[in-house]
Amino acid sequence: MQRSIVLPLSPEEGHLNRRQFVSRSLAAVGASLVSRNAQIASADQVPGSVLSSTVQKTRFPEGFLWGTATAAYQVEGAWKDDGKGESIWDRFTHTPGKVKGATTGDVACDEYHLYPQDIALAKSLNQKSYRFSISWPRIQPSGVGAPNMKGIDHYSRFVDVLLENGIRPFCTIYHWDLPQALEDRGGWPNRDLASYYADYAGILARYLGDRITVWAPFNMPWSVAYMGYGIGAFPPCRANFTDFLKAAHTISLAQAQALRSIKAASSKATVGSAYGMCPAYPKTDSEADRAAAARYHAMNNAFFLEATMKGQYPKAFVGEPPYELMGFKSGDEKIMHAPLDWVGFHYTRRFVSDASSSRAFGGGGFSGTEIEADPVTGRDPYTRFRAEMPAEGPLTESGLEVWPRGIYDLVTQISREYDHPIIEITESGCGYLDSPYEDGRVPDQRRIEFFRNELAELAQSIADGARVRSFHAWSLMDNFEWANGHTERYGLIYVDYRNQKRTIKDSGY
Ligand code: FCB
């Protein structure tokens with residue numbers, strides 16, 4: 001990546017000038033906030049890193065919620081215990097050749113059985129919030145119908161143990177493990193799934209909503225649609241742009257219908273989101289690249305947020321959205337409109353350029369946990385942008401760029417665009433393979449640096465008026481990293497998969 005072509009964000013582009021932002025923002029929350037800009041490193045520092053003197057002075061508001069995040073399929077194991085149905089991830093990982101190292105989530109961290117111990121570990125790390133997901137096929141093995149009470153009872157006990165440990169249960173309702181039976185009915189491109197999903201969400205709120213008050217319908221809905229149906233990197237492994245568009249629209253309907261069914265079942269419920277977002281920077285100063293970056297932001301970051309907040313799709317496409325291909329029916333704008341109580345997201349950054357002059361092609365590539373557009377042809381005939389993950393900052397061992405300033409830029413941008421919503425950072429982390437030394441310690445210094453830098457920038461966004469109330473590190477412990485199996489480790493706690501032994505890493509301490 002050529003550094004010379006990276007442009008600083010300017011207010012004219014709709015990005016943030018810090019002074020303007022402050023003046024328009026709410027009064028800074030809490031007492032002990034950092035009061036000056038996080039300063040970017042000097043030449044002898046790691047590119048993109050924050051001065052250590054700035055990191056040292058970083059403070060967060062009192063009451064800020066520190067948490068960690070996991071997902072059912074990545075940690076639970078117990079893949080067919082207590083009447084659980086098959087999920088698309090069970091099917092995928094049981095298909096030879098799909099997962100690096102031929103591992104599966106059949107056992108993973110065995111959190112299904114070891115959760116009392118893991119929650120005690122989280123408490124010992126002073127965690128106050130735990131974002132976990134519920135496995136839909138444990139609740140409805142075939143995706144529809146009466147709940148499997150053994151599944152409900154499991155999560156009921158799980159939530160009780162969290163509360164006993166003083167940890168807020170933050171429930172992600174869908175973190176990618178669709179019941180296979182629903183995929184067999186057409187998967188997310190089938191709009192009937194919106195109602196099935198809302199029924200499932202309502203069941204959860206009915207049985208658990210007396211204790212869970214924070215619900216996020218989907219983890220990274222764009223990735224569900226794009227990686228599952230657009231490029232086929234994740235199950236159900238379809239690579240068809242029309243299926244992607246249809247899946248995306250069903251998910252928009254589903255998130256709003258779920259919000260309504262959750263609130264109907266639980267008066268304490270607040271509903272937000274767990275979007276994956278990438279702050280997008282135009283690759284060059286050209287108007288075409290600026291417009292492409294705006295389309296990228298609309299498609300990859302704001303698509304589902306705008307749908308639910310405003311009942312419309314943002315300008316993600318060159319021209320009008322392809323409503324017909326999406327399966328959009330008149331009246332859908334009302335169904336998908338259901339404003340959230342808070343907005344949750346996490347990020348890595350992208351440089352975006354216009355791909356209008358390239359041959360349109362519905363392809364793409366997959367690297368680490370992120371998606372890159374096809375390097376030659378651009379992405380598709382509708383959005384026509386090409387996004388690249390820069391490598392200006394250091395890359396983690398999982399191949400993602402570390403660029404702390406990105407979280408400041410994204411948090412302040414979303415704050416401005418959506419009138420300063422309450423924000424939760426639903427996950428953020430880095431993959432490094434550090435393992436225990438002979439003395440038993442795991443000195444994962446790179447992860448410590450990652451969090452120090454990122455948190456300095458996040459604190460700055462709060463000082464500048466963003467209403468961020470939590471930060472969840474991905475992840476409490478090493479776990480099954482989707483198609484990358486056990487080849488990546490994101491945890492604050494090391495897991496030895498041979499014997500399920502947990503070792504708190506230095507970053508955890
Ligand atoms: C996020 C996913 C999470 C995990 C981390 C590394 O995008 O939501 O499940 O895979 O990446």
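Which residue in S3 does Phe-132 stand opposite? Phe-132 stands opposite Cys-171 in S3.

This is a predicted model, in which local features need pLDDT of at least 70 and side-chain atom pairs count only at pLDDT 80 or more, while totals for chains, interfaces and linings use all residues. Residues are numbered from 1 along each chain as its sequence is written, and side-chain values use heavy atoms, with hydrogens and water left out.

**The sheet**

Helices (H or I, at least four residues) and strands (E, at least two) are DSSP runs, numbered from the N terminus. Two strands pair if DSSP finds at least two bridges between them. Nine strands form an open sheet, that is, 9 strands in the order S5-S4-S3-S2-S1-S14-S13-S8-S6, with parallel pairing. Strand S5 (270-271) and strand S6 (275-277) stand at the edges with a single partner strand each, so one side of each is left without a neighbour in the sheet.

| Strand pair | Sense | Bridges |
|---|---|---|
| S1 (residues 65-69) and S2 | parallel | 3 bridges |
| S2 and S3 (residues 168-174) | parallel | 5 bridges |
| S1 and S14 (residues 467-474) | parallel | 5 bridges |

Gly-67 has a partner in each of two strands: its bridge partner in S2 is Ser-129, and in S14 it stands opposite His-472.

Strand S2 (residues 129-133) is mostly covered, with 5 of its 5 residues buried. Buried means under 20% relative accessible area, exposed over 50%, and partly exposed in between (1.4 Å probe, protein chains only). In a regular strand the side chains alternate between the two faces of the sheet. In S2, Ser-129, Arg-131 and Ser-133 point one way, Tyr-130 and Phe-132 point the other way, and all are buried.

Helix H12 (residues 287-301) has 15 residues and should span 21 Å at 1.5 Å a residue; its end C-alpha atoms are 20 Å apart, which agrees. The expected span is 1.5 Å times one less than the number of residues. Buried residues of H12 include Asp-289, Arg-295, Tyr-296 and His-297.

In helix H13 (residues 303-310), 7 of the 8 residues are buried, so the helix is largely enclosed by the rest of the structure. Among the buried residues of H13 are Phe-303, Phe-304, Leu-305 and Glu-306. Gly-311 follows H13 and has a positive phi, near 70 degrees.

Ile-231 is found in the loop between helix H10 (221-230) and helix H11 (241-265). Its relative accessibility is 16%, so Ile-231 counts as buried. Ile-231 and Phe-244 are 13 residues apart in sequence, and their C-alpha atoms are 8.4 Å apart in space.

**The ligand**

The ligand is surrounded by 11 residues, of which the closest are Gln-74, His-175, Asn-219, Glu-427 and Glu-481. A residue is near a molecule if one of its heavy atoms lies within 4 Å of it. The shell divides into 4 nonpolar, 5 polar and 2 charged residues. Ala, Val, Leu, Ile, Met, Phe, Trp, Tyr, Cys and Pro count as nonpolar, Asp, Glu, Lys and Arg as charged, and the others, Gly among them, as polar.

A polar side-chain atom of Gln-74 lies 2.7 Å from an oxygen atom of the ligand. For Asn-219, a polar side-chain atom is 2.9 Å from a ligand oxygen atom, and for Glu-481 the value is 2.7 Å. The protein covers 96% of the 290 Å² of accessible area that the ligand has on its own (Shrake-Rupley method, 1.4 Å probe).

Conventions. Polar contact = N/O pair within 3.5 Å; in protein donor to acceptor, adjacent residues only side chain to side chain.
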